[in-house]
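The following account leads the reader through a structure, one part after another. Please keep the sequence and the coordinates at hand while reading.

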Amino acid sequence: MKKLLVITGFVVFGVIIQFLIWNGIINNYYAQVFTLMSIFIILATSLNLINGITGQFSLGHAGFAAVGGYFSAIVTTRLDLGLSDFTTFLLALLVGGLVAAFAGFLIGLPTLRLRGDYLAIATLGFGEIIRVLFLNWKYVGAASGMWGIPGYTNFLWAYLVAVVTVLFIVNFMHTSHGRACLSIREDEIAAETMGINTTKYKVIAFTFGAFFAGVAGGIFAHLIRLLHPQSFTFMFSVEILLMVVLGGLGSITGSIAAAILLTTLTEALRQFSELRMVIYALMLIGIMIFRPQGLLGTKELSADSMVKWWAWIKKLLGRTKRVGEQVDNTKDS
Amino acid sequence: MELILQQLINGISLGSVYALIALGYTMVYGIIKLINFAHGEIFMLGALAGFFAITVLGLPFFLALVLAMAVCATLGVVMERIAYKPLRNAHRIAALMTAVGLSLFYQSFTIYTVGATPKAFPRIPVQTWEIFGVAISNRQLIILVTAISLMVLLQFIVHKTKMGKAMRAVSFDRDAARSMGISVDKTISFTFAIGSSLAAAAGVLFGMYYGTVHPMMGLLPGLKAFVAAVLGGIGIIPGAMLGGMILGLAEAGVSALGFSTFRDAVAFAILIIILIVRPSGLLGKNVREKV
Amino acid sequence: MTILKTVNLCKKFGGLNAVSDFEITINDGELVGLIGPNGAGKTTVFNMLTGVYEPTSGDILFEDKSIVGKKPYNITQLGMARTFQNIRLFKDLKVIDNVKIAYHQNVIYSVAAGVLQTAKYKKEEEEIAQKAIDLLKIFNLEDKKDEYAKNLPYGEQRRLEITRALATKPKLLLLDEPAAGMNPQETHQLMEMIRWIKEKFSLTVLLIEHDMSLVMNVCERIYVLDYGRIIAHGTPNEIKNNPKVIEAYLGEEVC
């Protein structure tokens, strides 16, 4: 019951924010930022399902977002279904997600038998192939991009989808199937010998990750109302990866926190967008060298861990206070 | 017949460029079992260095080539010391992510400092000769001669010098090499230096041939060269050369058959096939994880 | 009844013959040992039996059915479980989760049911949790069930690995050097535990070990491996006095 309360709380929170947006109390700029945060939460947590929870290093997440974006846009712009806006959008997102999931399944089957480094390159390669395919596909505008996508996305849509995504992944991790994925991350050979069909679960994680990335792509497409293959490059995949690594591979709350943090940083550095990528690159390198477990490691932000963080901060402050006192004492005498 | 020979020439020229880049991947993988993700960017930086050497410093082509190689060799050594050495004993994924970060860093830093717009690489005026009905340009000749000379030089270094022996020893068994008195750190640095200089050479040749350089130019050739290295057998030097040539010929063939829009897809198709059918590559041996 | 039989089993790595002409027979309920000097190929044999390596030639019959070419998870589902020489626990997972994973092969509820947290899911999860706790209780690990596996002391990690293997409900248990890193007292306790679990869980056990006191005291029959070939086979007493075995160990105390 506590869980239901928490979920309802989150939903209500989202509705309130949307209400404030509608009334102009929160202006459109912030509305857009919050919407982007939600989209990146979906992208980061879905990538975490593949990289952090199942331990498969995928670098092609942008490709799945692209598939979802384009196919959902096809539903809303190229097909005349005569349904209400709401239904059309919902359908579009589902289609985007499912096609992306299918792509994930097709790509996953051959590549998931590869070891870490090879898998990374293979997924990167596929991400690039997808991008090049869209670049050459006249139906969706090829290099000129796809214009005039209806602006169905608002904060509430993005936020609620984010809530659903997080809920799905959290629940998944508490099932035996989720544990199977975790065991693959921990020790694939041991997992196999404990009766886990590792290939099956890697593909499952990959497919679900791709699904949510596709939905996120669809939401993104209907926010910026224009799709271009250039939006889904390797750099985009790395941005999402950075969020996952920063938050901690395997920590869902970490991914959420990092997504919010980095979206904020992106906005703050809006004018210096080129410098921003340099900073992100340095962050990624720095994290891997100095704190590879990111902010939260594989753990989640919980009441326990917050208490521990607070105790650590207090200790740090206490130490500096004592040093300060010592300095004062020496000054007097 | 002439068409085939023509495509052979085109393919081998392109293949030589891929081979030079692939050699860097394969040598680094052989010695520290890491896919140097940032290697494609070294190729790009080499091209850029060559560009600046010619346009700003006014150097002739071959001096520019040498300078670019030297610059990237240094960069390779520095990069290894700063970013890869601390992670030598860490999880493989950590090193790979650092490499990804480095790759992004090179791309974004170059865009930030030099700008994203492509620059025109000063080119030697084209001269074509006809031999047996096949056209070969001076540019292709330069590529072929330079690439083959470098590869011969590499084989000499690897098989006839002390450093080359050290490289082979460290690839085989790092700890045994160390207890034989080989400086593992120096050997690894040397490997990065050579690999990076070859990629730089490839970059300059590429710029000279195609006429443009830009910060993102390393991504696709880098990926393709990686495929070439895997095709030949990652960690095996002749494999990289073989893989590069095969890839170059395959791409030339596909272009000739009229599917030039799918040229880039050839590399990925080869990657998929190789990884499914024979992941250790054409010249590779199957090495199992110790359980 | 024969539970495991290998026929002419061979494994080559390139030019190296790691294991050749390997033929053993294990009957239901036996406790058999596989010994030999370092590098003799014992773990390679285990890896072939569990499907981690594919044999170069020969056959492996588990309960009279060939299992060559089957994937490890299939073989485990058929009833063969193992532990590893270097302990392969799921380190960043809790003790209880390590055991719960071993029950996964029998789980019925689907991913959808799990995510939607249906009644079926809740019931099965409770059953799994209870079974895991019961098993941990038997091995005195229950009070550490929420501890992360990497934080356990060495001896308890070994125990957990055995517990986890038993959770897969095996008929044949392969133990790869379970006494590695243990002092004589711990080894003695291990000995008792192995005898006890064999009875309690109605198992057949195949054991790789270096520690002679363990092997001689616990095994009913022993196969001796040297350079990938079986050089001797018999009861502990027969093996103790076998000149070929003594030679293979080159003066090591075989007592």
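Which domains does the domain assignment of chain A give? The assignment gives domain 1, covering 30-301, and domain 2, covering 304-333. The model is predicted, and every value below should be read as computed from that prediction. Taken over C-alpha atoms, the centres of domain 1 of chain A and domain 2 of chain A are separated by 42 Å.

Chain C can be described in the same terms. Its domain assignment gives domain 1, made of 2-79 + 170-249, and domain 2, made of 90-153. Here the centres of domain 1 of chain C and domain 2 of chain C, again over C-alpha atoms, are separated by 29 Å.

The contact between chain A and chain B comes next. Chain A contributes 33 residues to the contact, and chain B contributes 32 residues. On the side of chain A that touches chain B, at least two residues are supplied by each of α5 (116-135), α10 (234-247) and α12 (273-290) of chain A. Sorted by class, this side of chain A consists of 27 nonpolar, three polar and three charged residues.

A:Ala142 lies in the loop between α5 and α6 (155-173) of chain A. Its phi is near 45°, which is a positive value in a residue other than glycine. Is A:Ala142 buried or exposed, or does it fall in between? A residue is buried if 20 or more other C-beta atoms lie within 10 Å of its own and exposed if 12 or fewer do. Because A:Ala142 has 13 C-beta neighbours inside 10 Å, it counts as partly exposed.

Chain B may be approached through its overall dimensions. Its secondary structure comes to 11 helices and four strands. The C-alpha trace of chain B spans about 55 × 45 × 35 Å along its principal axes. For 291 residues, a compact globule would have a radius of gyration near 19 Å, and chain B has 19 Å, so the two agree. Buried residues make up 52% of the 291 residues in chain B. Of the contacts in chain B with a separation of 6 or more, 75% are accounted for by residues 24 or more positions apart.

Just after α9(B) comes B:Gly233, which takes a positive phi of about 115°.

B:Gly281 has its place in the segment after α11 (263-277) of chain B. It counts as buried because it has 24 C-beta neighbours inside 10 Å. Leaving aside neighbours within four places in sequence, B:Gly281 is in contact with B:Val230, B:Leu231, B:Gly232, B:Gly233, B:Ile234, B:Gly239 and B:Ile274. B:Gly281 and B:Val227 are 54 residues apart in sequence, while their C-alpha atoms are 9.9 Å apart in space.

The account now returns to chain C and its strands. Which strand forms a hairpin with β1(C)? That strand is β2(C), with two residues between it and β1(C), and C:Gly14 in the turn has a positive phi of about 65°. Strand β1 (residues 2-13) of chain C pairs with strand β3 (residues 25-27) of chain C in the antiparallel sense over three bridges. In this pairing C:Lys5 has C:Thr25 in β3(C) as its bridge partner. β1(C) is also joined by five bridges to strand β5 (residues 57-62) of chain C, and these two run antiparallel; C:Val7 stands opposite C:Asp59 in β5(C). Four bridges join β1(C) to strand β2 (residues 16-22) of chain C, again antiparallel, and the bridge partner of C:Lys11 in β2(C) is C:Val19.

The phi of C:Lys169 is near 55°, a positive value in a residue other than glycine. With 18 C-beta neighbours inside 10 Å, C:Lys169 therefore counts as partly exposed.

Technical notes
Residues numbered from 1 in each chain as written. Chains lettered and ligands numbered in written order. Predicted model: local features only at pLDDT ≥ 70, side-chain atom pairs only at ≥ 80, totals over all residues. Contact = placed C-beta atoms within 7 Å. Nonpolar A, V, L, I, M, F, W, Y, C, P; charged D, E, K, R; others polar. Domains from an automatic or database assignment. Pairing = 2+ DSSP bridges. Rg over C-alpha atoms; globule rule 2.2 N^0.38 Å.
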